[in-house]
Amino acid sequence: MNPRLTPLAAALSIAFTAPVQAQIAELDSIIVTATRFAEPDSNVAANVTVITRDDIRNTPARDLPSVLKGSAGVDVRALYGSLGIDSTIDIRGFGETAGSNTLILLDGQRLNPIDTGSVSWSAIPLDSVQRIEVLRGAGTVLYGDKATGGVVNIITDKSGTPRAGLTVGVGSYNTQTVDANAAAGNDVGYFNVFGHYANTAGWRDNAQAEQSALSGRGALYAGQGEVFIDYSVYKDRSGLPGPLLSAAYQANPRSASTPNDSQRSEGYRLRPGITLPVTDTLRFEAEVSYDRNDQHANYASFGSKADRTRDNWSVTPRLRWQHGLGSLKSETVAGIDYYSGEVDATYTTSAAQSAKQDSTGFYFQNITEWVAGLSSTLGARSQRVDQSASQDAYPGFFGMQPAMNGSAEYTRSAWDLGLTYVGDGWKVYGKGGTTFRFANTDELFGYDPFTGNPTFSGDLKPQTGTLGELGGSFSAGPVKGRAAVYRMDLEDEIAYDGSLFANVNLDKTRRQGLELEADWRIVSSVLARVTYTYTDSTFREGVYDGKQVPLVPHNKAAARLSWDGGAIGQYTAVVNYVGARYYSGDFANALDKLPGYTTTDFMAGWNFKPWSISARLLNAFDKKYSPYAGYSTFQSDYYYYPADGRTFLMTASYNFR
């Protein structure tokens with residue numbers, strides 16, 4: 001289990017939160033995620049939203065995960081809310097297992113750990129982000145394991161444009177923030193650096209949180225390419241107030257059931273790399289990455305402590321060859337992904353555990369334009385994973401638990417095929433393909449329900465599936481839009497079944513839905529934006545046939561209205577709606593539904609160069625709701641993780657150059 005969360009099985013899943021904006025990508029936008037090289041969006045068979053740097057600066061969101069909340073098809077869920085430390089992203093309705101089915105990338109390098117731990121969001125100062133690319137639908141061919149629902153690629157600022165700035169903020173619940181940035185460059189190379197610090201007492205009791213980070217990039221030009229190193233150092237800590245049973249939730253949602261529990265996490269990441277045009281038609285890029293994370297959790301309420309260390313290596317070389325196909329435009333991307341990770345965990349009240357995973361993948365993707373405007377995309381991947389897990393002997397409830405050792409290896413492949421047609425201000429596409437996911441290292445540990453002895457779950461089959469999708473985008477004067485419909489059928493989906501107290505391969509499941517995004521420039525100074533998502537996540541075989549996957553709402557929508565008043569300021573209002581969904585673990589749909597909710601956020605900004613001031617009001621009407629909840633068979637009661645109430649933050653920035 002992840003030591004950053006409570007021992008309750010439900011805490012391994014996540015919850016729904018509030019809204020923001022998502023910039024509809026222009027038809028000629030440059031994106032990276034759909035090819036792993038910078039490409040125009042126009043000929044890619046993919047549903048990609050680009051959240052721009054201006055979007056990030058002008059959103060009410062205070063943390064990076066929250067910036068994604070208004071994107072169609074995307075849910076962002078945090079157990080405790082403060083600073084987004086424990087947030088998980090869910091694309092296309094995976095509920096409990098979202099963290100293992102949505103791949104998070106930083107400049108193309110995966111951030112998902114090999115266990116069930118959350119992404120270390122504290123390592124990415126929001127000021128360092130240039131844009132965010134959201135690719136919905138399986139990204140398995142290009143990125144491999146854990147991309148079944150989609151991919152979020154966070155693209156950092158790589159500019160050496162001379163600058164320096166400082167931002168300080170104060171807000172509700174004794175919140176303070178400090179952000180600083182600096183950059184410089186010449187014809188030899190460049191560097192940039194970003195610093196971030198934030199702390200808050202939190203809305204709930206024992207919800208205090210603190211985070212700090214330093215990140216940046218240094219590069220030397222090599223002809224038309226560059227040699228670079230990216231780096232980040234980070235640390236966070238927070239209280240763990242725990243879930244509330246029904247009576248406590250109704251009486252005082254700000255209270256804590258575990259008033260003395262806490263966690264802390266720290267780590268660093270180094271990523272040297274090279275980008276090199278070999279010829280006019282051949283480009284080579286490669287990175288070597290190492291990151292380390294150390295976690296400590298103090299579950300005082302349970303008389304337990306946990307320590308966990310994660311080490312991860314990766315090597316990711318790739319080529320882009322614009323080779324043509326006779327007189328046709330054609331290019332192929334091919335590469336190798338090698339990942340190696342190890343996790344060591346110790347607990348004061350249970351046995352020490354260790355796990356290791358090595359993964360090697362080979363992939364290619366070809367894009368060919370057959371006639372003007374009509375392009376095809378064809379890609380394939382083969383990936384092998386080798387996993388091992390061990391647990392020390394330990395005295396348990398039924399006597400001495402024996403030691404456990406096990407190993408497994410699997411190889412899976414995936415393919416995709418798409419067609420895209422681009423007209424004057426519009427694009428349509430269709431695509432189909434396959435996907436897979438391997439068990440993460442925590443899912444390898446199990447227990448015999450009769451003896452309590454540890455078992456190795458290496459017999460969990462890899463999750464596989466097929467995907468079909470139709471979509472398009474258009475631009476007509478002041479209106480821009482994007483839409484997609486999809487169906488994804490999965491076999492052997494890997495999930496935790498609370499009725500069996502084990503990780504299992506579920507019976508066949510299906511995700512299908514509709515995603516809509518639209519912008520309307522009402523007048524030059526007023527922009528309206530709406531998104532709507534319909535998601536149907538169901539079992540299609542077995543004892544749960546026809547039942548809904550827990551924690552996935554059928555309906556989700558967001559609306560945003562922005563006014564640029566020039567000298568008198570810029571103003572934004574965002575409304576988010578999340579529909580009702582089944583409680584965590586309720587595969588049988590036998591319990592009540594967790595109610596839906598609507599929240600409203602506001603932001604205002606004033607620019608008095610070199611000064612600028614912003615004010616944010618989140619959950620403005622102090623809506624009481626719980627974005628995540630479950631049912632405890634031990635307590636015979638529902639338990640809730642309340643969302644933060646009304647929160648205010650004001651910042652002041654000064655640009656030195």
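Strands β41 and β42 (residues 637-641) pair in the antiparallel sense over five bridges, where strands are DSSP runs of E with at least two residues, numbered from the N terminus, and two strands pair if DSSP finds at least two bridges between them. This is a predicted model, in which local features need pLDDT of at least 70 and side-chain atom pairs count only at pLDDT 80 or more, while totals for chains, interfaces and linings use all residues. Residues are numbered from 1 along each chain as its sequence is written, and side-chain values use heavy atoms, with hydrogens and water left out.

Within the pairing, tyrosine 628 has tyrosine 641 in β42 as its bridge partner. The open sheet holds three strands in the order β15-β42-β41, with antiparallel pairing. Because β15 (244-245) and β41 (628-632) stand at the edges with a single partner strand each, one side of each is left without a neighbour in the sheet. In general, strands of a sheet pair through backbone hydrogen bonds, either parallel or antiparallel.

## Glutamate 285 in β17

Glutamate 285 is found in strand β17, which covers residues 282-299, and it counts as buried at 11% relative accessibility; buried means under 20% relative accessible area, exposed over 50%, and partly exposed in between, with a 1.4 Å probe and protein chains only.

The side chain of glutamate 285 makes a polar contact with the side chain of arginine 283 at 3.1 Å, a polar contact being a pair of N or O atoms within 3.5 Å, of which, within protein, one must be able to donate a hydrogen and the other to accept it, while residues adjacent in sequence count only if both atoms are side-chain atoms. Leaving aside residues up to four places away in sequence, glutamate 285 touches several others, including Arg36, Phe37 and Thr316, where contact means heavy atoms within 4.5 Å.

Phenylalanine 474 lies in strand β29 (residues 463-476) and is partly exposed, with a relative accessible area of 40%. Its C-alpha atom is separated by 4.0 Å from that of tryptophan 426, although these residues are 48 residues apart along the chain. When residues up to four places away in sequence are not counted, phenylalanine 474 touches Gly425, Trp426, Val479, Lys480 and Gly481.

Leucine 516 has its place in strand β33 (residues 509-523) and, at 33% relative accessibility, counts as partly exposed. Among the residues that leucine 516 touches, again not counting those up to four places away in sequence, are Ala72, Arg482 and Tyr532. Leucine 516 and arginine 384, which are 132 residues apart in sequence, are 36 Å apart in space, C-alpha to C-alpha.

Technical notes:
Helix = DSSP H or I, 4+ residues; strand = E, 2+ residues; numbered from the N terminus.
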